[in-house]
Amino acid sequence: MVLVSAVRDYVNRMLQDISGMKVLILDSQTAFGIHVNLEADMVAMMVSIVSVVYSQSELLQKEVFLVELIDSISKSKESMSHLKAVYFLRPTSENIQHMRRQLSNPRFGEYHLFFSNMLKDTEIHLLADSDEQEVVQQVQEFYADFIAVDPYHFTLNMPSNHHYMLPAVVDPSSLQHFCDRAVDGIAAVFLALKRRPIIRYSSTSDIAKRIAHETAKLMYQQESGLFDFRRMEMSPLLLIVDRRDDPVTPLLNQWTYQAMVNELIGIQDNKVDLRSIGKFPKDQEEVVLSSEQDAFFKANMYENFGDIGMNIKRMVDDFQQVAKSNQTIQTIEDMAKFVDNYPEYRKMHGNVSKHVTLVTEMSKIVEERKLMLVSETEQELACNGGQVAAFEAVTNLLNNESISDIDRLCLVMLYALRYEKESPVQLMQLFNKLASRSAKYKPGLVQFLLKQAGVDKRTGDLYGNRDFLNIARNMARGLKGVENVYTQHQPLLFQTMESITKGRLRDVDFPYVGNHFQQGRPQEVIIFIIGGTTYEESRSVALQNASNSGIRFILGGSAVLNSKRFLKDLGEAQRISRTSTSVV
């Protein structure tokens, strides 16, 4: 509940202390996604901080009768002096300019300004100078500059997520903007939790080092007073790592519910847009998948696909029993009871329909793309040795007409990451076959991945074959067998959390920033992945937290990935690298 509760608490405080009819005004980061009639093209974007924690009905209960975007409000001249305006914005220069223009010619009776991160003194002075009619009642900082996807998982939804792969010389200003946004988001999380962390980072990543040092500078120098919370016995740990330390996890097909929906259809801010895969009734074109609002999803989000089918069948059976009882309305009392229970009945009907639709559509995709066949080989490449058998399996799948282009590409990438040093000749054969079989394949993309995230670039023991303890663990798992061949992979993050829990995170791999060190185990750890998180990793965090190890882990990142998004970022970084003469 920790992150979701923090953001909900901020929104509650914004709205409940201001009585009367209100308009809530947001920007493109704090808005899009609330189920309100914003302009249609705006609603479709669904990029939101508020929407993942607050529904339209909850807003109405707080007397919010209108939700608008700040740039839309700027275009309108209509006076609404009977409404109190509640602004919730990121403190960007663009938003400050919007506010100055609106305050110089106010349309609302009162203005209550809330910013999702730290305001500069100069920005406060600019706003004060513009408020000539003294309509501003308050200006506050509410630190919700991140999107709380799940209780222990947040994202910054950074659109230009590929920048972390580019050397600083390629586009210094864009890279600085990327780093600033990451630092702002991380700072907001710690301000919301009222903590100041000890900071460590992945030693082989220049961008992890840069963001770690800039975060430390903000927390311990520039804004040290703001972060000077009550001293804890043990400071929390902020660990900043690089997606390129584990490029395998975002390339794999997934077989647990939440991760699978994201991989095969896509999830954006806890919403699934089904229009991308077919035609559906208007009320089913977009569905909400939130552990906060959907008890079935909360109970099943980490379950494997086979179990989901059985659990949905039980839910359908329960619903049919309820529907049957509603058909026996014979008296006035029966009718009154039905009317009282109708909202719950309708909600149950919508929930059943949603999950049946998702599982049905995913089953079709699994069959069409032969994903069970593909995934078995993917898991072997990620988890087990055997180069000869792996080469044969990948070659056979590349020759299979039923295999999609994206699955072919992912298979070759997984093979290349595993065997880049062992079989260069076979690797070249796979490159050539991939180019001949996949019309959309961009030449050199697999080689670019190896340049970015090959064995010489990574921190940690991705395949468990460097460290003796990992080798022993893999041997033991091989002897025991695995419960499910499709879910045997564990992300590198799992190893990292295990190392932290056992006090074995090596200083040489994850150095500290400055002279702030840690003796003993932290009780809270936030792991931030530059380049993005996956739902397989957020599942690992949830399971680790449920194990009662005495440490609470929170996962965050610059974006939430599936294989499509990871490959898009990789392709964009490759394109920019090729066109830039600065890249060595």
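This is a predicted model: local features need pLDDT of at least 70, side-chain atom pairs count only at pLDDT 80 or more; totals for chains, interfaces and linings use all residues.
Visitor: Which residues of α13 are buried?

Guide: Buried here means under 20% relative accessible area. In α13 the residues that fall in this class are L371, V374, S375, T377, E378, Q379, L381, A382 and C383.

Visitor: Are α5 and α6 roughly parallel or roughly antiparallel to each other?

Guide: The axes of helix α5 (residues 93–104) and helix α6 (residues 121–130) come within 8 Å, with a crossing angle of roughly 20 degrees. Angles under 35 degrees count as roughly parallel, and α5 and α6 are therefore roughly parallel.

Visitor: How is the contact of α5 with α6 divided by residue class?

Guide: From α5, the residues I96, M99, R100, L103 and S104 meet E123, L126, L127 and S130 of α6. By class, these residues are five nonpolar, two polar and two charged.

Visitor: Which residues of α17 does α15 meet?

Guide: The axes of helix α15 (residues 405–419) and helix α17 (residues 445–453) come within 10 Å and cross at roughly 40 degrees, which makes α15 oblique to α17. The contact of α15 with α17 has 10 nonpolar residues, with no polar and no charged ones. On the α15 side stand L409, V412, M413, A416 and L417, and the residues they meet in α17 are L445, V446, L449, L450 and A453.

How values were computed:
Residues are numbered from 1 along each chain as its sequence is written. Side-chain values use heavy atoms; hydrogens and water are left out. Axes are lines fitted to C-alpha atoms, for helices over the stretch in contact, and angles run from 0 to 180 degrees between N-to-C directions. Helices (H or I, at least four residues) and strands (E, at least two) are DSSP runs, numbered from the N terminus. Angles under 35 degrees count as roughly parallel, over 145 as roughly antiparallel, 65 to 115 as roughly perpendicular and the rest as oblique. Contact means heavy atoms within 4.5 Å. Ala, Val, Leu, Ile, Met, Phe, Trp, Tyr, Cys and Pro count as nonpolar, Asp, Glu, Lys and Arg as charged, and the others, Gly among them, as polar. Buried means under 20% relative accessible area, exposed over 50%, partly exposed in between (1.4 Å probe, protein chains only).
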